Amino acid sequence: MRKSHKLFAIFGDPVSHSISPLMHNYAMRGLGIDACYTRYRLEEGTKLAETFHQLRLSGVNVTVPHKEAAYHACDRVEGIANEIEAVNTIVLQEDKLVGYNTDAPGFLKSVLQMGHISSVCILGAGGTAKAIASAFKARKNSVTIINRSPNRLEWFEKRGYRCMTWETFKAGEHYDLLVNTTSAGLQEAMLPAPETIIFNLLRHTSYAIDVIYNKTTPFLQAAKEAGIPCKDGSEMLLYQGVIAFTHFFAHRYTEEEIEVFMKRAFV
Ligand code: NDP
């Protein structure tokens with residue numbers, strides 16, 4: 001039996017930088033919910049389920065590097081998380097761990113406000129690229145992946161995505177949306193691909209997004225200078241949190257109600 005005061009957490013390593021506790025606590029307080037959200041540095045992904053139960057949690061968000069481990073730790077996985085094979089939200093339901101991926105719908109919610117999108121080019125082939133690619137594939141949009149090295153493209157090739165490396169890049173094709181999901185620009189001021197590729201892509205896209213948040217990366221700066229409507233990953237972060245919150249509380253609150261309070265973490 002769990003106490004009525006519910007406890008939630010974010011699991012990751014590192015996790016000290018995460019603003020998820022701020023986002024969720026604002027929403028819990030604002031909506032008058034008797035619950036609290038903390039952070040927990042989880043070093044070993046294999047200990048995820050055990051740690052969840054030991055801490056008597058009601059739900060968690062999972063961040064780098066444990067989203068794949070979270071997928072395997074769940075008793076049941078719902079929706080698009082099955083396609084991505086990665087989970088970022090786990091909820092305790094009747095003593096079972098139920099997993100979801102809210103990065104994918106969170107990204108869609110942030111991007112579909114920009115305009116009509118039916119073709120997407122994704123830079124990078126890591127976990128975030130898998131979530132975003134799966135979200136657009138589910139909408140039957142055309143998705144192209146460009147990655148520095150060929151190894152990580154295998155997952156996408158097996159699932160029928162169009163894939164290119166920097167060497168096999170085809171210039172001059174139009175995409176409605178160009179997304180940077182690489183970590184280039186996070187620590188160092190670098191573009192996610194050679195300049196010739198980036199500038200060619202920017203000449204042929206309607207919108208651009210960098211999933212890195214709270215920062216103007218060289219990629220975002222180049223998109224701005226090219227006059228392309230663009231944004232960083234703050235809204236993706238906000239909406240993955242809003243959607244996770246709807247799962248934590250069994251859809252008792254609407255996304256709009258949650259967003260009002262959660263977005264205060266971004267001011
Ligand atoms: P992964 O480690 O899974 O993947 C990283 C990808 O970036 C790989 O494809 C890698 O290519 C590529 N890459 C790394 N460095 C470079 C570089 N210097 N030049 C070109 N390509 C590079 O990372 P994630 O998918 O988990 O995360 C990626 C980014 O997304 C992070 O910056 C993270 O902060 C952000 N993020 C934002 C979220 C949000 O809510 N806004 C949510 C989740 C993540 P290769 O295969 O060749 O090594």
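Good morning. One thing before we start: this is a predicted model.

Let's begin with aromatic rings. A pair of aromatic rings is described by how far apart the centres are and by the angle of the planes. How many aromatic pairs does a search of the whole structure find? The search finds 10.

Take Phe8 and Phe249. Their ring centres are 5.2 Å apart, and their planes stand at 50°. A pair with planes under 30 degrees apart would be stacked, and one over 60 would be edge-to-face. The angle here is 50°, so this pair is tilted. Now look at where the two partners sit. Phe8 is in strand S1, residues 6-12. Phe249 is in the loop between helix H10 (234-248) and helix H11 (255-262).

The centres are 5.6 Å apart, with 70° between the planes. Phe156 has a relative accessibility of 0%, so Phe156 counts as buried. Tyr161 comes in at 7%, and Tyr161 is buried as well.

Go back to Phe8 for a moment. Which residues do ring pairs link into a cluster? The cluster holds Phe8, Tyr37, Phe245, Phe248, Phe249 and Tyr253.

Lys109 lies over the face of Tyr239. The distance to the ring centre is 5.2 Å.

Next, salt bridges. Side chains of opposite charge can pair when their charged atoms come close. The structure holds 11 salt bridges. I'll show you some of them.

Start with Glu44 and Lys47. Their side chains meet in a salt bridge, 3.6 Å from N to O. Glu44 has 43% relative accessibility and counts as partly exposed. Lys47 is partly exposed too, at 33%.

Now Lys137 and Glu83. They form a salt bridge, with the closest N and O atoms 3.5 Å apart. Lys137 is in helix H6, residues 127-138, and Glu83 is in helix H4, residues 81-84. That is 54 residues apart, and the pair links distant parts of the chain. Lys137 is partly exposed, at 32%. Glu83, at 31%, also counts as partly exposed.

Which residue forms a salt bridge with Glu85? The partner is Arg159, and the closest N and O atoms are 3.5 Å apart. Arg159 is in the loop between helix H7 (154-158) and strand S9 (162-165). Glu85 is in the loop between H4 and strand S5 (89-93). The two are 74 residues apart. Arg159 is partly exposed, with a relative accessible area of 24%. Glu85 counts as partly exposed at 32%. Elsewhere, salt bridges that share partners join Asp13, Arg41 and Glu43 into one network.

On to helices. Two packed helices are described by the angle between their axes and the distance between the axes. Helix H5, residues 103-111, packs with H6 at about 65°, with the axes 8 Å apart. That angle makes H5 roughly perpendicular to H6. The crossing is right-handed.

Then H10 and H11. Their axes are 9 Å apart, at an angle of about 125°. That makes H10 oblique to H11. This crossing is right-handed too.

Last, the backbone. Most residues other than glycine have a negative phi, and most peptide bonds are trans. Here are some exceptions.

Asp13 and Pro14 are joined by a cis peptide bond, with omega about 10°. Pro14 is in the loop between S1 and helix H1 (20-30). Remember Asp13: this residue is also in the salt-bridge network. Val64 and Pro65 are joined by a cis bond as well, with omega about 5°. Pro65 sits in the loop between strand S3 (59-62) and helix H3 (67-73).

Now phi. Glu94 is not a glycine, yet its phi is positive, at about 50°. Glu94 is in the loop between S5 and strand S6 (96-100). At 78% relative accessibility, Glu94 counts as exposed. Asn214 also has a positive phi, near 60°. Asn214 lies in the loop between strand S11 (205-210) and helix H9 (218-225). Asn214 is exposed, at 57%.

That's my tour. Thank you.

How values were computed. Residues are numbered from 1 along each chain as its sequence is written. This is a predicted model: local features need pLDDT of at least 70, side-chain atom pairs count only at pLDDT 80 or more; totals for chains, interfaces and linings use all residues. Side-chain values use heavy atoms; hydrogens and water are left out. Rings of Phe, Tyr and Trp (its six-membered ring) pair if their centres lie within 6.5 Å; planes under 30 degrees apart count as stacked, over 60 as edge-to-face and the rest as tilted. Helices (H or I, at least four residues) and strands (E, at least two) are DSSP runs, numbered from the N terminus. Buried means under 20% relative accessible area, exposed over 50%, partly exposed in between (1.4 Å probe, protein chains only). A charge sits over a ring if NZ of Lys or CZ of Arg is within 6 Å of the ring centre and within 35 degrees of the ring normal. A salt bridge is a side-chain nitrogen of Lys or Arg within 4 Å of a carboxyl oxygen of Asp or Glu. Axes are lines fitted to C-alpha atoms, for helices over the stretch in contact, and angles run from 0 to 180 degrees between N-to-C directions. Angles under 35 degrees count as roughly parallel, over 145 as roughly antiparallel, 65 to 115 as roughly perpendicular and the rest as oblique. A crossing is left-handed if the near helix is turned anticlockwise from the far one by less than a right angle, and right-handed if clockwise.
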